[in-house]
Amino acid sequence: MLLFILKRLLALIPLLLAISVLVFLILHFGNNDPAMAYLRLSHIPPTDLALEAARESLGLNRPLSVQYLDWLGKAVRLDFGMSYVTGKPVLERLLYYLPNTLYLAGFSLMITIFLSLPLGIISALRKDRWPDHLTRAMAFVGVSTPSFWLGFLLVFFFSVKLGWLPALGKGGITHVLMPAFTLSLMSMCINTRLIRASMLEQMNSRSVLYARVRGIHEKRIVGSHILKNAMIPVVTAIGMHIGEMLGGAVVVEIIFAWPGVGRYAVSAIYNRDFPVMQCFILMMTLIFVFCNLGVDILYAWLDPRIRYREGGKA
Amino acid sequence: MKNRIISTIAALLTITISLFLPVIVQAVPKTLVYSWSGNVGPLNPHLYSPNQMFAQSMVYESLVRYGSDGQVIPWLAESWEVSADGCDYLFHLRKGVFFSDGTPFDALAVKKNHDAVLANAKRHTWLGLIDKIKETKVIDTYTVKLVLTEPYYPLLYDMSLARPMRYLSPSALPKSGNSADDIKAPIGTGPWTLAESRLGEYDLFKRNDRYWGKKPAIDRILVKVIPDHNTRAMAFATGEVDLIYGEDQISLDTFDRFKNDPRYTTAISPPMATRALAINSKRGPTRELAVRQAIQHAVNKEAIVKGIFLNTEIKADTLFWPNKPYCDLDLPPYEYNPGKSEQILEQAGWQKTHGPFRTKDKKNLTVDLCFTGNNALEKTVAEVLQADLKNVGIQANLIGEEADSLSRRQKGGNFNLIFNGTWGSPYDPHAYCSSMRVPSHADYQAQSGLSMKEEIDRKIGLTLSSTDQEKRHLLYREILSTLHNQAVYLPISYTTEILVHGKKIHNVSFGPTLHEIPFATMSIQ
């Protein structure tokens, strides 16, 4: 198992390197000019002289290879350069905003898990009866609802009309409820359906049939025979939902004025703030890879067959 | 016994609360909540983005100010004298002015700030004033002399801008004296001080109790970070934001909704800048004066103002609003008249042989109309223009691009019509006209096909260095009339700012320029 983790971590190095080159090339060969963007933001007319001065102060007048190597040399020492817009260290800013996004995504994940589990189980156990129809309808609507629309709808209802919840910003637990629900609805609906399908599949398996034959109590069958086995695909899906939430957080952060890293990255894209974009993409790659690694480990723990295979190879 | 203990405690509590109540009531500061799309930045008075102009104007002041009627009014300088040759400006500073940290504002502070700005002159080349300043001399504690290399009439206008000619406390300058390196703290003489900044959340301003002028009635201004228009509108509706003020704060239909809501007060400012398109006199069919004039007559501006801007903007007939300095010229407007437009095109040889569009010498009457792709308003206006032009037989290709590409197109002159608004007060008309001489501007490219382009540029130069106001009036008349008659601009509307607030806020008015919000005169119940 340790070897497996180590191998995965080592594979991360060429991956990050490849991504950094790719991102660098895409940014610099695209139709983007940070100097022009800087002047636009500063309300300075883009005369040739002003552009030249801006390029010089942003270090964009050097050859591309020099720019990349310079950036890489610093990046391995965790110095991701200065933002073109603020002139402050990029990593510092991203790490400042990151916890807010993780908090939001974490809270959403909790909502997803705690709501989808009972809903999925009930709809599987009461298949084709009213609880199943209800969750099916809910899942249908939930998956089809775009988050920006749902967000505004919630704000309109709970903040403007009822005055129960604050419309925006970060603060106590009341502040996180609406953004987290908005962010989690789609994953929650997908997850509910997945749990239902996976449970139904297990219910028809032979192990369950034999367990019944052995006269094991129905509660135990559902708990340890069906549910545990049904969880394996769900764990994979949750790993992907984390990625979805970190990505989806961008929209939700803008709607709810949530001071997260996604919103910061979007403003960086708009401002052509290359150092921020590079660091953000690498940071997200790292988070994704670690999430997947976590899922794989959990997988091995849940499914002994995987563990034995790995063990056999080693 | 138990009852007695309870009643004693209750009595003690009541006394304590009643003792502290007045303190508690007094201690709640009067706070006005405003919102902006990002944080206001480190508030370096001499630098640009990410410093936000409205916030720089709250903390820092200038020697002179741009008044609402376009006149320059005394501010940190009580008076000034200009030498006969227009090269020396002697400023008499206001006495008894202190920076918010207690440092006195005097001639030396002015000199140190000017020197800091000039040390970074490369970043300020866009501003005419910067390369005209030879030196700043301290005459005595409250007198300072600005020596120029050549006369420059808009000097006082340039001095009134939100940046870079504003004054930071010398105690906050870094050791190098160059504010471009960094500043120690944002300390100015203005009515507000920056008390706290939380990234991505808010910036908090407090009243400057050392302020020399009338002190603000509000204790604190809280500026929340809200990037989205709809979120801002929702936050306003829930009372989490008190004031909506500015150019691009909420969508126009939201403004329309608030306008009809009796709980709110709304207002629209006088014209600030001009929403216009530049028409290229050097490329394609728009090289012909007749085509440019026909475009002018073909566009129904009234319908655009009513249908798209919901009457929040004002129909524009000339490049600058007539109330701007030197711009009241009584130029005859090109009225909306598709018949006349078609007649002009017919006379110029553009015929409708088959199909809806005209041709001449087997060439189609087709123009490229360029706009910022993600700007919904520009896109809608462009679509209406396309329909209006089709009406008279001109085919318009709509080209929507992102802002950077559009800037490149402007620089290269690669357009027939392109959105190119004026900069508004206090830049109009002098700074805007000055920029017409610079090839990277759409204006230069649009005018470059005119036979009298050299003459126009020469006259702009003469105007800026002229010390005789009568002569300037005459020169501006010649320049602006020529541009109007040559139809190289298609003015659509004069842009405005809007404001919305609830009934508890009073005395809200518009600032004379786009970059200042007069928080200091507002009051709150």
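This is a predicted model: local features need pLDDT of at least 70, side-chain atom pairs count only at pLDDT 80 or more; totals for chains, interfaces and linings use all residues.
Student: Let's start where the chains meet. How many residues of chain A are in contact with chain B?
Tutor: 41 residues of chain A are in contact with 38 residues of chain B. The area buried between the two chains is about 3400 Å². Carbon and sulfur atoms give 58% of that area.

Student: Which residues in chain A lose the most area to chain B?
Tutor: Met36(A), Phe152(A) and Leu168(A). Together they make up 15% of what that side buries.

Student: And how many salt bridges are there across the interface?
Tutor: The rule finds 1 across the interface of chain A and chain B. In a salt bridge, the side chains of Glu402(B) and Arg272(A) meet at 2.9 Å, N to O. For polar contacts, the count between the chains is 6 residue pairs.

Student: Which elements of chain A touch chain B?
Tutor: Those giving two or more residues are helices H2 (34-41), H3 (48-58), H5, H7 (147-161) and H10 (218-255) of chain A. H3(A) gives the most, with 7 residues.

Student: Let's stay on H5 of chain A. Where does Asn100(A) lie?
Tutor: Asn100(A) is in that helix, which spans residues 90-125.

Student: Is Asn100(A) buried or exposed?
Tutor: Buried, because its relative accessibility is 9% and the cut-off is under 20%.

Student: What does its side chain reach?
Tutor: The side chain of Asn100(A) reaches the backbone oxygen of Pro259(A), at 2.8 Å. Leaving aside neighbours within four places in sequence, Asn100(A) is in contact with Lys170(A), Trp258(A), Pro259(A) and Gly260(A).

Student: New topic: helix H6 of chain B. Which residues are buried there?
Tutor: H6(B) runs over residues 252-259, and Leu252(B), Thr254(B), Phe255(B) and Phe258(B) are buried. They cover an arc of only 155° around the axis, so they sit on the same side of H6(B).

Student: Why would residues a few places apart point the same way?
Tutor: An α-helix has 3.6 residues a turn, so residues three or four places apart point the same way.

Student: What's on the other side of H6(B)?
Tutor: Asp253(B) and Arg257(B) are there, and they are exposed.

Student: What covers the buried residues of H6(B)?
Tutor: The cover includes helices H5 (229-237) and H10 (376-391) of chain B. It also includes strands S11 (243-246), S12 (264-268) and S21 (498-502) of that chain.

Student: Last one. How many disulfides over all chains?
Tutor: The count is 0.

Student: And the cysteines, Cys189(A) for one: buried or exposed?
Tutor: Cys189(A) counts as buried, at 1% relative accessibility. Cys87(B) counts as buried too, at 12%.

Key
Residues are numbered from 1 along each chain as its sequence is written. Chains are lettered from A and ligands numbered from 1 in the order in which they are written. Side-chain values use heavy atoms; hydrogens and water are left out. Buried means under 20% relative accessible area, exposed over 50%, partly exposed in between (1.4 Å probe, protein chains only). Helices (H or I, at least four residues) and strands (E, at least two) are DSSP runs, numbered from the N terminus. The arc is that of the directions from the helix axis to the C-beta atoms. Contact means heavy atoms within 4.5 Å. A polar contact is a pair of N or O atoms within 3.5 Å; within protein, one must be able to donate a hydrogen and the other to accept it, and residues adjacent in sequence count only if both atoms are side-chain atoms. A disulfide is a pair of cysteine sulfur atoms within 2.5 Å. Buried area is the accessible area (1.4 Å probe) that two parts lose on being put together, summed over both. A salt bridge is a side-chain nitrogen of Lys or Arg within 4 Å of a carboxyl oxygen of Asp or Glu.
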